[in-house]
There are 2 protein chains.
Amino acid sequence: MTCALEYAPQLRARGYRMTPQRMAILHVLRHAETHLSPAEIYKKARLEAPGLTEPTVYRTLEFLADIALVRPSFSSSGHLTYEMAGNDHHHIVCRDCGGEVEVEHTLLESLYRLLETTSGYRSINSHVTFFGVCPNCQAK
Amino acid sequence: MTCALEYAPQLRARGYRMTPQRMAILHVLRHAETHLSPAEIYKKARLEAPGLTEPTVYRTLEFLADIALVRPSFSSSGHLTYEMAGNDHHHIVCRDCGGEVEVEHTLLESLYRLLETTSGYRSINSHVTFFGVCPNCQAK
DNA sequence: TAAGTTGTTGTAAAAACTTGCAATAAGGAT
DNA sequence: ATCCTTATTGCAAGTTTTTACAACAACTTA
């Protein structure tokens, strides 16, 4: 749980505060294999920070996403899930079975630059979830 | 409203049915300038199909998306919105003001082929919403 | 044109998510 | 150490989205 302490300076430098609730949520995400739904995060983080409430989880996740410490991504059902930022990658989710693979960000890099050029928008760096049919389900 | 009747054969051919509720929802989407939230669709479609309920709107939209008649996309707040399929394009949404522009699908075409090659997934053709900062908000 | 099959809908209730606001507590200043 | 400011939380209530299931009605067949 102390591992989350290393984020405290980052928060303070930007005028925010480190709290037990944020520690717990960061800790859960740090040790998650994959992205988690708010409900899953709530369930786990509550063990580390008793008294934690659901609204706080939702607000904290949105906050952490705003300051780019965590990254939101969409599940195949359209719901938001979260994972730690860094190790930038994207997902391809199977429309049939829901299985997913990661896509290296480098594959999208040139597209992002192209989009910036053609649209005038800057800092395009969002996580993207693509949908397709995986090799297994193609066989059926 | 009769314009929605042209979808009836498509539905029947696949074992589904055309209903007043589906007519109303398709009609609303056909005449929408942009993508709409389930709540907006409910509000408008209810005028054409009295008795229409919210669960039906949600189910119908999911159904229409499944059979690729309409296309889901994510608003900047992470909520699902819907629009008629066809005229394939993607969106870039401004993280600050929420303003958005369309991106032609042709810009993504080669990326999609590349993803299919590297991942083994097929039929990757999902709508994608990118997030960035628009020219206006860059000025601030 | 009537009857049967089964895809669809409405109802009711639950689950997921959001909002406003007063109370709390993190971290800078004294 | 203690006080102050204000970011952050919990509470309570609201809104949105989902689910289960019985009733219904669209289409097929005869």
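Student: Of the atoms of DNA strand C within 4 Å of the protein, what share belongs to sugar or phosphate?
Tutor: Sugar or phosphate accounts for 68% of them, and bases for the rest. This is a predicted model, where local features need pLDDT of at least 70, side-chain atom pairs count only at pLDDT 80 or more, and totals for chains, interfaces and linings use all residues. Residues are numbered from 1 along each chain as its sequence is written, chains are lettered from A and ligands numbered from 1 in the order written, and side-chain values use heavy atoms, without hydrogens and water.

Student: How many residues surround DNA strand C?
Tutor: There are 20, and the closest include Arg12(A) and Arg59(B). A residue counts as near if one of its heavy atoms lies within 4 Å of the strand.

Student: Which helix gives the most to that surface?
Tutor: H4(B), with four residues. Helices here are DSSP runs of H or I, at least four residues, numbered from the N terminus.

Student: Which phosphate oxygen distances do you have for Arg12(A) and Thr53(B)?
Tutor: An N or O atom in the side chain of Arg12(A) is 2.7 Å from a phosphate oxygen of DNA strand C. For a polar side-chain atom of Thr53(B), the distance to a phosphate oxygen is 3.1 Å.

Student: And what does Arg59(A) lie 3.3 Å from?
Tutor: A base oxygen of DNA strand C, counted from a polar side-chain atom of Arg59(A).

Student: New topic. Is Ala68(A) buried or exposed?
Tutor: Ala68(A) counts as exposed because its relative accessibility is 52%; exposed means over 50% (1.4 Å probe, protein chains only). Its phi is near 65°, a positive value.

How values were computed. A polar contact is a pair of N or O atoms within 3.5 Å; within protein, one must be able to donate a hydrogen and the other to accept it, and residues adjacent in sequence count only if both atoms are side-chain atoms. Helices (H or I, at least four residues) and strands (E, at least two) are DSSP runs, numbered from the N terminus. Buried means under 20% relative accessible area, exposed over 50%, partly exposed in between (1.4 Å probe, protein chains only).
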